[in-house]
Amino acid sequence: MDFVIGGYFLCTQTMRTRMAIIITSECISCNACEPECPNTAIYEEGAEWNFAKGTSLKEVELEDGVVINAEKLFPAISNEVFYIVPSKCTECTGFHEEPQCAAVCPVDCCVPDPDYVETKEELEAKKAWLHGE
Ligand code: SF4
């Protein structure tokens, strides 16, 4: 099913890349956040990531139209600190009242990215996409 969010035409099968929570260089790699994420959007520095882990995605259409197996591994987004995969972060929408990574971080390094603000509706749509709802 296709639909329109915030003026943009999106396909429910297409990777969503916007995000609101990032991990800053203040991260001490304590690993408190990673097990708390309901979407498995958080990975340690240097670790490969994929869409399938923690979601019900089987295939994903990338922004260039290429369809990939959701098990396909991608290179780490950061080799210095833990990182959040933009396409998999929903700010915990649908699971918790607040971002759980930010709630447990001892150094408050999981913060909103002012350059990429998502609406509640966009986050709900991303959560439904990730979990096949
Ligand atoms: Fe995961 Fe929630 Fe943190 Fe996003 S805000 S990375 S969904 S724990």
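Exposed means over 50% relative accessible area. At 60%, Glu-133 therefore counts as exposed. The legends below use this predicted model.

**View 1. Overall fold of the protein chain.** The chain holds two helices and eight strands. Along the sequence the order is β-β-β-β-β-β-β-α-β-α. Of its 133 residues, 44% count as buried. The chain exposes about 7400 Å². Carbon and sulfur atoms supply 52% of that area. Among contacts with a separation of 6 or more, 71% join residues 24 or more positions apart.

**View 2. The shell around the ligand.** Several stretches of sequence contribute to the ligand's surroundings, including Ile-21, Cys-37, Asn-39 and Ile-42. Ile-84 is also in the shell, as are Cys-89, Thr-90, Glu-91 and Cys-92. Pro-99 and Cys-101 complete the list. By class, the shell has eight nonpolar residues, two polar residues and one charged residue.

**View 3. Helix H2 and the residue after it.** H2 covers residues 120-130. Its buried residues are Glu-122, Leu-123, Ala-125, Lys-126, Lys-127, Trp-129 and Leu-130. Just after H2 comes Gly-132, with a positive phi of about 65°.

View 4. Side chains of opposite charge can pair when their charged atoms come close. Lys-120 and Glu-124 form a salt bridge, with their closest N and O atoms 2.6 Å apart. Both partners lie in H2. They are four residues apart, about one turn of the helix. How exposed is Lys-120? Its relative accessible area is 56%, so Lys-120 is exposed. Glu-124 has a relative accessible area of 35%, so Glu-124 is partly exposed.

**View 5. The salt bridge between Glu-118 and Lys-126.** The closest N and O atoms of this pair are 3.2 Å apart. Are the two partners buried or exposed? Both Glu-118 and Lys-126 are buried.

**View 6. The salt bridge between Glu-133 and Lys-127.** The two side chains meet at 2.9 Å, N to O. How many salt bridges does a search of the whole structure find? The search finds three.

**View 7. Cysteines without a disulfide.** A disulfide is a covalent bond between the sulfur atoms of two cysteines. How many disulfides does the structure hold? It holds zero. The cut-off for a disulfide is a pair of cysteine sulfur atoms within 2.5 Å. For Cys-27, the closest cysteine sulfur is that of Cys-109, 4.5 Å away, so the gap is too far for a bond. Cys-105 is also in no disulfide. The nearest cysteine sulfur to Cys-105 belongs to Cys-109, at 3.6 Å.

**View 8. Burial of Cys-27 and Cys-105.** The limit for a buried residue is under 20% relative accessible area. Cys-27 has a relative accessibility of 15%, so Cys-27 counts as buried. Cys-105 has a relative accessibility of 12%, so Cys-105 counts as buried too.

Notes
Residues are numbered from 1 along each chain as its sequence is written. This is a predicted model: local features need pLDDT of at least 70, side-chain atom pairs count only at pLDDT 80 or more; totals for chains, interfaces and linings use all residues. Side-chain values use heavy atoms; hydrogens and water are left out. A residue is near a molecule or strand if one of its heavy atoms lies within 4 Å of it. Ala, Val, Leu, Ile, Met, Phe, Trp, Tyr, Cys and Pro count as nonpolar, Asp, Glu, Lys and Arg as charged, and the others, Gly among them, as polar. Buried means under 20% relative accessible area, exposed over 50%, partly exposed in between (1.4 Å probe, protein chains only). Contact means heavy atoms within 4.5 Å. Accessible areas come from the Shrake-Rupley method with a 1.4 Å probe; for residues, only the protein chains shown count as cover. A salt bridge is a side-chain nitrogen of Lys or Arg within 4 Å of a carboxyl oxygen of Asp or Glu.
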